[in-house]
Amino acid sequence: MLGSLRDAGLIAWFHLRRALRTRSAVVLALANALIAGGGAWFFTRVLLELERAAARTLRVPETKRPGAMLDTLREQDQLSDILRPLVGSDELLEWALQLPVLTPIHFWLALGVMPFLAVALGAETVAPDVRDRSLRYELVRTGRLELLLGRFAGQALLLGLATVVAAGGTWLISATVMVQQPLLAQAASLLGLTPRLWLWALPFLGLGVAASQLTGNVNVARALGLGAALASWIGFGILQSPWGEEHPVLVDLVEPLLPQGWMMDLWGPGLGWWSSGLVLGALGVVFALLAWPVFGRRNL
Amino acid sequence: MKQVAIAAIALVVGLVLGGLKPKAELREVQTEQAQLCAAPCPESTVGRDLAQFFGGARTMAPRDESPREQADRLAEENPEAAAIVAELDAAEGQAVADVGEALREVAEAGEELELARAALELRRAQARAALVEQADPDRDQLDSIDGAYSEMNESLSSLAGELGDLVAEGREPTRREAMSFAADALDAMLTAEEAVDGVLDADQRAELEDGAVNPFSHVDPALVDLLIDLGQ
């Protein structure tokens, strides 16, 4: 077993190093940072317009950078109206209000975007090497399962790196576009949420890896994986609808298999999210193995 | 690697299957709770039975008599008491309406003052941000500016406190005293404005919009609390 684990570890490490060497890791990290930073920047523009409108009403000069009114809005309990729809319960709202304002925005944006980035990344795991048949040479020295899970782990490491850089994108917006933001607390809170976002993305990475085993065409694999991710959202929406209330046993059976069923547990103070994170990690491995019956017997 | 894959699959399968029974039990309890909450409570006759036991059935209303019928019967038997009760009812209705109106007025006044406080706080925060953005003062300059406005607010608080003491003594300020208070308040604001002007250089002053250094924009919202005390 140890030899097998060592093989998978080496494959993961090699995969990560190759991604760094070929700059694909840099592209992925920058894309993540651009999306996170872009989302944060868009939020700051909305905030700026709100502050300018308030400044005109209060007959004080407008500013070019937003953020001056946030502390006051927080103290006056006005920010809670913006954050309440995002967090759900009043307890979590209390916690969210203590965070710098861009942190919950980053978290919720990443919850929506990361699944699709993870699927796209996962779709490249095996498919290109199946297409050019170079996978056969690697398989001379290790087993298919080791190769598959090793590459999954390598992609997961890459995704972790991209998630950290994405947090950096949001932090940069906070530091340069806004005023009066606690930069150290902003960095700490963003980094504190990063492991949760990484774990959240793993099941979707697994879906991409599964799609990658089914075809040698990366684009087809991406389409399959994105379709599966989209289907998971639609399925979750149906389970949450009145139809789901009429079929409780089905909900109990299917909801734990959907990453979205564990999503809300990732939000909140303390380490209560770890157990859900562990399940998401396990779901990632299980999803990656969904196409194993095909890939394990495939003529490469 | 097989063991890792099996462990992950076992964890997921265990979660799904292991969660079925607890979730079903929870659902049952929730259904029962919902039914209990929705069902009307059966009318208890314990109190009436006890009262009849201790007070004697003679003074109690017959079981089949409604409260309305009971009230009518008592009014017929005691016309004077019925008149007094009617007067009390009318007075109570008026009193309830008066108290309600007074409470509504207090609540509205409180909300307005809360809004005024929030507006002052936002105004102050925005004015300071505009000042920092437009004049770009260094750390020492900013400390001096904050100090000047802080002194101004202390002076204004002190003046409001003096005015409050005067009102607390039960006398209204005379015209001369009121003018003196107003002059002192304006003086505190002028002093702050001059201090801020002195801290900034000509280029910085040229960049500033008037509202950013307007002392009225930097008034501490805590003054609203003092004004509330004065109003009371």
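A residue is buried if 20 or more other C-beta atoms lie within 10 Å of its own, exposed if 12 or fewer, and partly exposed in between, with C-beta atoms placed from the backbone. This is a predicted model: local features need pLDDT of at least 70, side-chain atom pairs count only at pLDDT 80 or more, and totals for chains, interfaces and linings use all residues. Residues are numbered from 1 along each chain as its sequence is written, while chains are lettered from A and ligands numbered from 1 in the order in which they are written.

Start with the fold. Chain A has 15 helices and zero strands; these are DSSP runs numbered from the N terminus, with helices being H or I of at least four residues and strands E of at least two. The C-alpha atoms of chain A occupy a box of roughly 75 × 50 × 35 Å along the principal axes. Of its 300 residues, 45% count as buried. Two residues are in contact if their C-beta atoms, placed from the backbone, lie within 7 Å. Among contacts in chain A between residues at least 6 apart in sequence, 77% join residues at least 24 apart.

Now take helix α6 of chain A, residues 102-122. Of the 21 residues of α6(A), 16 are buried, so the helix is largely enclosed by the rest of the structure. α6(A) bends by about 40 degrees at A:Val113, and A:Pro115 follows within four residues. The bend is the angle between axes fitted to the seven residues ending at a residue and the seven starting there.

Next, the core. A nonpolar core is a set of buried Ala, Val, Leu, Ile, Met, Phe, Trp, Tyr and Cys residues joined through C-beta atoms within 7 Å. The largest one has 107 residues. Those with the most contacts inside it include A:Ala118, A:Leu121 and A:Leu197. Leaving aside residues up to four places away in sequence, A:Leu197 touches A:Phe107, A:Ala110, A:Met114 and A:Thr163.

Turn to the partner chain. 35 residues of chain A are in contact with 30 residues of chain B. Elements giving two or more residues to this side of chain A include α1 (2-21), α2 (24-58) and α9 (144-177). The largest share, five residues, comes from α14(A).

Finish at A:Gly3, in helix α1 of chain A. A:Gly3 counts as exposed because it has 10 C-beta neighbours inside 10 Å.

Definitions and conventions:
The expected span of a helix is 1.5 Å times one less than its number of residues.
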